[in-house]
Amino acid sequence: MTQFTRWSLAMERALYGPGGFYRRELPRHHFSTSAQTPVFAEAVARLAEEVDEGLGRPAVFDVVDVGAGNGELLGHLASLLDERARLTAVELRPKPRDLPERIAWSADVPRGVTGLVIACELLDNMPCDIAVVDESGEVRYEEVDESGETRPGDPVTGADAKWLAEWWPIREPGERAEIGLPREAKWRELAGCAETGTVLAIDYGHTSAARPAGGTLAAFRGGRGVRPVPDGSCDITAHVAVDAIPCEQVRTQREALGELGLPVDRPPLALAYRDPTGYAVELARASASARLTARSGLGAHWWMTTSKAGGR
Ligand SMILES: C[S@@+](CC[C@H](N)C(=O)[O-])C[C@H]1O[C@@H](n2cnc3c(N)ncnc32)[C@H](O)[C@@H]1O
């Protein structure tokens, strides 16, 4: 028999339940993120350096990557940060064998962090409910079954209705919205784990000036967009309502990376004759940094930050 449930439960099971997508699959086999890119780690290392200086260079400086995927970001940072940096990945997956030993791996967010907490493309994967306006103009939860069929369910009430009214009002039949409360809750958890320093979440998202009328629910498999079917076969994601996140500052990745020295210039052609390998390396850095800052691509992602006592 077909079982319809709200999207939050369907996403939770499909992504994180037994045999769920993220229990089996490596993010990089299905999509590219900033955190997988070495030149992004160089910029994060510069940010860490600024936070470290702001904290007066403590004996131990934490860098915690929450939702670390295969640990790519910390893997790159391990060769960029000095031995005072204590690197911790928080991930549901097991630690990859080839990561440096100095990277600790945990399923739980640590407490009392002094340093930098970073979560790249985590909030968009926090299961959330979807609201839809039915033909009579009533706002109801959308329900979905394992084949991806949807139907309107109960009316949206309580905290969810309040959130929609404040952040994403929908009125016209067919309009849809992702209810952002679980993303706010995850942000509060991230912010709560830092005692001093900076908390940074990076994600794609939107602000009240430009909410998409049909919502943003999407799914990916093997590098391609697919129909969102919550059966564990694909990543299911929805953009973050970034202005609803209770952080201190929101700006685009392009702007934030600009302050950290990206994009880097293309190397001069003369280098290709003098040092062909060096030229190829620098060219790859320049094109990766252009990708990270592209206005219509990763550069349009949002950096949400809060600093606590001494952080940047
Ligand atoms: C889209 S991937 C991003 C991976 C990496 N940060 C990157 O940008 O390449 C999201 C990751 O968050 C992890 N994740 C989701 N919920 C989590 C939780 N509550 N605790 C730890 N990891 C979680 C998933 O297992 C997945 O690897």
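Trainee: Quick one to start: how much space lies in the second largest pocket?
Mentor: About 210 Å³. Of the 14 residues lining that second largest pocket, Ala10, Arg13, Glu146, Pro230 and Asp231 are the closest to its centre. A pocket here is an open set of points on a 1 Å grid over the protein atoms alone, with protein on both sides within 12 Å along at least five of seven lines, and lining residues have an atom within 4 Å of a point. A volume is the space filled by probe spheres set on the points, which are joined across faces, edges and corners.

Trainee: Before I go on, what am I looking at?
Mentor: This is a predicted model, where local features need pLDDT of at least 70, side-chain atom pairs count only at pLDDT 80 or more, and totals for chains, interfaces and linings use all residues. Residues are numbered from 1 along each chain as its sequence is written, and side-chain values use heavy atoms, with hydrogens and water left out.

Trainee: Thanks! Which element gives the largest share of the lining of the second largest pocket?
Mentor: That's H1, with three residues. By class, the lining of this pocket has five nonpolar, five polar and four charged residues. Asp, Glu, Lys and Arg count as charged, Ala, Val, Leu, Ile, Met, Phe, Trp, Tyr, Cys and Pro as nonpolar, and the others, Gly among them, as polar.

Trainee: And where does the ligand sit?
Mentor: In the largest pocket, whose volume is about 510 Å³. There are 31 lining residues, and Val66, Gly67, Ala68, Glu91 and Leu122 are the closest to the centre.

Trainee: Which elements each supply at least two residues of that lining?
Mentor: Helix H1 (7-16), strand S2 (61-66), helix H4 (72-77) and helix H6 (181-193). The lining of the largest pocket divides into 15 nonpolar, six polar and 10 charged residues.

Trainee: Back to the ligand: how many residues surround it?
Mentor: There are 19, and the closest are Thr33, Gly67, Glu91, Cys120 and Asn125.

Trainee: What does Thr33 do at the ligand?
Mentor: One of the polar side-chain atoms of Thr33 lies 2.6 Å from a ligand oxygen atom. Gly67 uses a backbone N or O atom, 2.6 Å from a nitrogen atom of the ligand. Cys120 places a polar backbone atom 2.9 Å from a ligand nitrogen.

Trainee: Which residues line the largest cavity?
Mentor: Trp163, Glu178, Gly180, Arg183, Glu184, His239, Val240, Ala241, Ala244 and Ile245. H6 and strand S15 (240-241) are the elements giving two or more residues to this lining. By class, the largest cavity is lined by five nonpolar, two polar and three charged residues.

Notes:
Near = heavy atom within 4 Å. Polar contact = N/O pair within 3.5 Å; in protein donor to acceptor, adjacent residues only side chain to side chain. 1 Å grid on protein atoms, 1.4 Å probe; cavity = no way out; pocket = protein on both sides within 12 Å on 5 of 7 lines; lining within 4 Å. Sits in = over half its atoms within 2 Å of the grid points. Helix = DSSP H or I, 4+ residues; strand = E, 2+ residues; numbered from the N terminus.
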